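Student: I am new to this structure. Please show me how to read it, one feature at a time.

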Amino acid sequence: MYEIDKIRNKIICGDSLEELKKFPNESVDCIVTSPPYWGLRDYGVEGQIGLEPTLEDYLEKMLKITAELKRVLKKSGVFFLNWGDCYGGNNSRASFGGRAGFGNPRECVDKRPYPAKCMALQNYRALIRMVDEQGWILRNIIIWHKPNHMPSSVKDRFTNTYEPVFMLVKSKKYWFDLDAVRVPHKTENLKDWENTEFNKRGKGAIVKPNLLGKNPGDLWTIPTQPFPEAHFATFPEKLIEPMIKAGCPAEICKKCGKARERITKKEWDNPVKANRTGLKKDWHKVGASRMNEGEFPTGVKYYTIGWTDCGCNAGWKPGIVLDPFMGAGTTAVVAKKLGRDYIGIELNPDYVKMAERRIKKVEKSLFPC
């Protein structure tokens, strides 16, 4: 078994399933990865995932890996999984190109008689079994919209312009820092905000945007990012950044292992249309879902004042981001930039060297965010 602190900031060259079996239980804080999609590419390495003769063989292998990932993820952990699809057909695998996170789903081969041109649904077939059989909790399906998606010559369907990213957890309560990834509001003028249709219906409770920004939602428009050393497209760093910021703690107690959490404060100003009591009475007009997203009646200031402290006085260490299909190392690059630690697993030794060269050039953040 590995000692987790001895493999921090390392990339292990080996088979993901076999290497994950050596990890201690509940030893990583966040998982960010994209597996090889079934039937899309030959990476030229013996034992690779994705070239199984049938979709069923591929899914069985992937489900063994996701079971191990659930074991090694902490109860407070979050798992971000970018997993696309392919189309049924009769093309040979030699004609397949592309990589997870780039391009259109290719046609793929399967001995089971799926209808030609039909999407294999490899990701959703696996996700249903992950929830039903392994106990994962699916919290979000994030749509990664690619504005610079590859053009397609297909004439009997629409071009593929997005891929899904599944956000999963193993416990109902987990570490998640939404405030770290809020985005600016488009309506910055309070007067404009007051005139929205929602506030006109409120009759007394004026909704004001969270001062830290709005929830980014589950539709992310992020261009793909080519990497010159690799013959496949890598994750774009901007896709990984919000996952790590929101899902991996920057500081964890060295003694008790508790992650620090953001401390926020609310302050009341003079309300615009009601006194404090009146605002509280009108909260039902705002709606519980709106309140949970951090949108409060006018008169409330909401901001960060610090971070929790467990009281151990033992110092802090960064959370660990695991990528079991490290590829060219983008997950590790982003983790290092954000002041987190990483662990990678990669079967291809050439990709391990490539990733290590990239990571070496990155300066670790002195001010984790």
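Student: Is H185 buried or exposed?

Tutor: Buried means under 20% relative accessible area, exposed over 50%, and partly exposed in between, with a 1.4 Å probe and protein chains only. H185 has a relative accessible area of 13%, so H185 is buried. A word on the source: this is a predicted model, where local features need pLDDT of at least 70, side-chain atom pairs count only at pLDDT 80 or more, and totals for chains, interfaces and linings use all residues. Residues are numbered from 1 along each chain as its sequence is written, and side-chain values use heavy atoms, with hydrogens and water left out.

Student: Where is H185 found?

Tutor: Helices (H or I, at least four residues) and strands (E, at least two) are DSSP runs, numbered from the N terminus. H185 sits in the loop between strand 7 (162–169) and helix 4 (190–194). C-alpha to C-alpha, H185 and K214 are 6.0 Å apart in space, yet 29 residues apart in sequence.

Student: How many residues of strand 16 are buried?

Tutor: In a regular strand the side chains alternate between the two faces of the sheet. Strand 16 covers residues 341–346, and six of the six are buried, so the strand is largely enclosed by the rest of the structure. D341, I343 and I345 point one way, while Y342, G344 and E346 point the other way.

Student: Which residue of strand 16 stands opposite I11?

Tutor: Two strands pair if DSSP finds at least two bridges between them. Strand 1 (residues 10–13) runs parallel to strand 16, joined by four bridges. I11 faces G344 there. Strand 15 (residues 320–323) also pairs with strand 16 in the parallel sense, over four bridges. D323 has G344 as its bridge partner.

Student: At what angle do helix 6 and helix 10 pack?

Tutor: Axes are lines fitted to C-alpha atoms, for helices over the stretch in contact, and angles run from 0 to 180 degrees between N-to-C directions. Helix 6 (residues 237–247) and helix 10 (residues 330–337) pack at about 55°, with axes 9 Å apart. That makes helix 6 oblique to helix 10. Under 35 degrees counts as roughly parallel, over 145 as roughly antiparallel, 65 to 115 as roughly perpendicular, and the rest as oblique.

Student: Which residues of helix 6 make the contact?

Tutor: Contact means heavy atoms within 4.5 Å. Helix 6 brings E237, I240, E241 and I244. Helix 10 brings T330, T331, V333, V334, A335 and K337.

Student: How many residues of helix 6 are buried?

Tutor: Eight of its eleven residues are buried, so helix 6 is mostly covered. Among them are I240 and I244.
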